[in-house]
Every structure is written in structure tokens, then in C-alpha cells.
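Work through the following exercises with the sequence and the model open. Each task is followed by a worked solution.

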Amino acid sequence: MEYIWYVIAALGAGIGTGLAGLSAATVMVPILIVLCPSFSGETGAYQATAIALASDILGSAVTTITYGKHKNIDLKRGWIMLVCILTMSTMGSYAAWLAGNVVLGSFTLFLTFFIGIRFLIKPDTSRENTVGKGEKLDWKGVAISLFFGLTIGFGTGFVGTGGGMMMLVVFTAFLGMELKTAVGTSTFIMTFTALIASISHIIIHPAIILERWDVLLICVVVATAASLISAQFANRVKNRTVGLVTGAVLTVLGAAMLILNYWPVISELPSQFF
């Protein structure tokens, strides 16, 4: 039964990456830690995070290629974020190992749900006056890139996300990129951050690749295929459609995972009042 959940988790992760540049961890980690008993141990969340990061590598790469073919990448406005995130992701990986299951598991469950709500409320994250592709950053853009780049980089290693959702918000709301350009740029960065963070996780905890190679293989293959198909779809439809589809999927998934994870507590609530 767990293998079915591996495939479902990878499918959801790949679709999220291709549609909106979301990290595989946004979908994959909650499913693995809640529905797969083998990931419920002391290092389960850490292993799930590493597998999600590894799945992000090829998934983000094929998504980047697809968006690049449609000229939806702008590295001139994203290179500072790239450098900052790369330098901080390793530190985040080590901090995650020290934090343990409770912090990682709870954080990713709530993150999935609230990101879904955010997309439903505002499916198109582009602001009215977008900046032309290739325009240089002004001093405000540099400051914003440094601040968010360093924080997102640490979060990439700590939570196991490629930072896609957070980069998407920064690129669209603060740096003026059009939605699809922001997705393409963020997945380009995620390709490298996921590579570095996944290697860091595996070096810190080698059992991930020694004991979980079968799960790793399934998730990487399925997530990569799903990313490619969903990225091709996203580049052919309107931004609003992409946002609504992404929001609906993440909201339902996040709510379901939260209910399942906290069911012992929820089931006790009626007895507290009656």
C-alpha cells in the first residue's frame, strides 16, 4: 500500500512543480510522513525531506527547460537570489537534522494548506505593472533579493523545500516579474538548490540512499514525468487557470493531511464538550 502513496505523492509533487514552481516537499513530505508508516520513525521526516529534494532536481530541470523554450526565465533579476539561496541551503540541512520530526512534519502540513488557500484567494500573483524581462535590479531590488535569498536559502535546507513558492511570491510581488517568468526563474534556481540540499541531507544521514533507494527511484521518475506534462500545460493556459488549479489541489491535500495527522486530537474534541 505504501508504494501507491509513493506514486501519489510524486504525482502531486510533479504537478505542483510544473504548474506553479512549487517544491516537491510541499506535497510529498506531508503524504509520506502521515500516510506511510515506514516514515513515522525518529528520522522519518528527515528522510522524506531528502527524497523530496532529490525529486526536485530533475523535476525542476525539465520544468525549467519547458519554461525556457517559451522564454519565461529572467536570471538578470534573479541571480542574487540564486547565489544567496545556494550558500544558505547547507546550513539549513544541518539545522533540520538537529530539529527532528516534530518541527519538520508540522511545518510542512500547515504550509501546504495555507499555500493552497493563498492561491485560491489570489490565483494570479502577477502585479499590474510588471517589469520587462532582463531589466537590471535597482537598490531596492538588490536589498529585497539579499534578504529573501538568505532566508529562503536557509528554509530550503531546513524544511526541504526548493523555495519555489516563496521565490514565486518575491519575484511577482516585489521584483515585478510576470507569473510564468517567475515560475521559470524559480524552477531554474530550485534545480541547483535541491541538488545541494539533497546531497547535504544524504551526507548527514547516508541511510536515506542505502535503505530508501527504492522509494527514491519511484519518486524521482514519477515526479519528473508529472513535472514535464504539467509544465507544458501551464505554458498553454492563462495564469489564473494555473493558480486556481494549484490552489484547489493544495488546499484539499493540506486539509486532508492535517485531519489525518491530528485525528487523535480531533476525535477527542466532542468528549470535551459533551
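**Exercise 1.** State how many helices and strands the protein chain holds.

Solution. Helices (H or I, at least four residues) and strands (E, at least two) are DSSP runs, numbered from the N terminus. The protein chain has 12 helices and zero strands. Read from the N terminus, its elements are α-α-α-α-α-α-α-α-α-α-α-α. The model is predicted: local features need pLDDT of at least 70 and side-chain atom pairs pLDDT 80 or more, while totals for chains, interfaces and linings use all residues. Residues are numbered from 1 along each chain as its sequence is written, and side-chain values use heavy atoms, without hydrogens and water.

**Exercise 2.** Find what share of the residues is buried, and which residues of H7 belong to that class.

Solution. Buried means under 20% relative accessible area, exposed over 50%, partly exposed in between (1.4 Å probe, protein chains only). Of 274 residues in the protein chain, 54% are buried. In helix H7 (residues 164-174), the buried ones are Gly164, Met165, Met167, Leu168, Val170, Phe171 and Thr172. After H7 comes Gly176, with a positive phi near 75°.

**Exercise 3.** Count the disulfides and explain why Cys219 forms no such bond.

Solution. A disulfide is a pair of cysteine sulfur atoms within 2.5 Å. By this rule there are zero disulfides. For Cys219, the closest cysteine sulfur is in Cys36, 8.5 Å away, which is too far for a bond. Cys219 is buried, at 0% relative accessibility. Cys84 is buried too, with a relative accessible area of 8%.
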